Amino acid sequence: MKKALICGISGQDGAYLASLLLRKGYGVCGTSRDAQMSSFRNLLRLGIQDQIKLESMILTDFRSVLQILTKFQPDEVYNLAAQSSVGLSFDQPVETLESIATGTLNLLEVIRFLGGKIRLYSAGSSECFGNTGELAADEETPFRPRSPYAVAKATAFWEVANYREAYGLFACSGILFNHESPLRPERFVTQKIVGAACRIAAGSPEKLYLGNISVQRDWGWAPEYVEAMYLMLQHQEPDDYVIATGETYALGDFVAIAFDCVGLNWQEHVEIDQSLLRPTDIAFGRANPGKAKSKLGWEAQYKMPQVVRMMANARQAGT
Ligand code: NAP
């Protein structure tokens, strides 16, 4: 039986990835910064908590990482743990940089120390590209990060590339564009929108306050993005891949569809709040996921309109 270690298993992607790997017959161990305190509600929601070995591990603490990898001896490590909010990274830049850049470096060093046989997936981000303009970003597009989060993810990306080149590690970065699901917390704008639309439809008198709704993004469906992570580690060669749907929409389109799903006109319920604008933001994100299709056989089935509908349906069904 193959063994996988998922760092950051309590998050959205961690839960879906754990579910996928269990279905594939893996033994799964997952880490949280404090496994005694974490509720692991996403694992409970998917009904898989009992099938996973849960451990505490702090990525910024070398000893902690060494201890867990030595104890569990995984074949594959998926590093999803991070301060993952772009907005919060402007308020917590040091924590963001350390959790992502030092955390990734510790994992690479421990894997190297233990003989270099463990395969590593590192959660990269499309935020590294900054504004892509009309250009669809692919694996060759230069990084122009516009937030502390993106700077940290760009650092981790080059750490992975360097250890692959210098020490021959099987390490891959997935440069994932935004992906959503019912497990997305409300501090992310997509779930904030869907949550508000559903509450207003159920009679809540609240208004939804948003920042810049003209920003354009590529939004996909998280359960299928974790399949791309798995496929990267099954390939014969380690490499980096852009993962996205290839379709870009304005945040305003997302809002309109979310309210339409519950039978409302968004313009009657949404107000723009200048205080929610970020110090620097990405106006436009466009992706070319062609390499993932040709080399991994991976392609997104669900595009933004379906993603919004599935989130709204899940919310209304209470699932
Ligand atoms: P998530 O739901 O926020 O989960 C990340 C996990 O990391 C959390 O459950 C948390 O686990 C741990 N964590 C939080 N703050 C941390 C910190 N300061 N230091 C160390 N660990 C911390 O994120 P996700 O949406 O599943 O995303 C998974 C990974 O992909 C992240 O690295 C994210 O940056 C990246 N990514 C996500 C997207 C997206 O659209 N979802 C796109 C591109 C890249 P504990 O509290 O249990 O420790």
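Contact here means heavy atoms within 4.5 Å. The model is predicted, and local features need pLDDT of at least 70, side-chain atom pairs count only at pLDDT 80 or more, and totals for chains, interfaces and linings use all residues. Residues are numbered from 1 along each chain as its sequence is written, and side-chain values use heavy atoms, with hydrogens and water left out.

**View 1. Contact between domain 1 and domain 2.** In this view, 28 residues of domain 1 are in contact with 19 residues of domain 2. Domain 1 covers 3-179 + 221-243, and domain 2 covers 183-217 + 247-286 + 301-317; the bounds come from an automatic or database domain assignment. Their C-alpha centres lie 27 Å apart. The area buried between the two domains (accessible area, 1.4 Å probe, lost on putting the two parts together and summed over both) is about 2,100 Å². Carbon and sulfur atoms give 53% of that area.

View 2. One salt bridge (a side-chain nitrogen of Lys or Arg within 4 Å of a carboxyl oxygen of Asp or Glu) is found between domain 1 and domain 2. Arg 286 pairs with Glu 134, with 3.8 Å between the closest N and O atoms.

View 3. Of the 23 residues around the ligand (a heavy atom within 4 Å), Ser 10, Ser 32, Ser 84, Glu 95 and Tyr 149 come nearest. A side-chain N or O atom of Ser 32 is 2.6 Å from a ligand oxygen. For Glu 95, a polar side-chain atom lies 2.6 Å from a ligand nitrogen. His 179 has a polar backbone atom 2.9 Å from an oxygen of the ligand.

**View 4. The salt bridge of Asp 240 and Arg 164.** The N to O distance between these side chains is 2.8 Å. Asp 240 lies in the loop between α8 (222-234) and β11 (241-243) and Arg 164 in helix α6 (residues 148-167), so the pair ties together parts 76 residues apart in sequence. Helices (H or I, at least four residues) and strands (E, at least two) are DSSP runs, numbered from the N terminus. The structure holds 15 salt bridges.

Note on methods. Polar contact = N/O pair within 3.5 Å; in protein donor to acceptor, adjacent residues only side chain to side chain.
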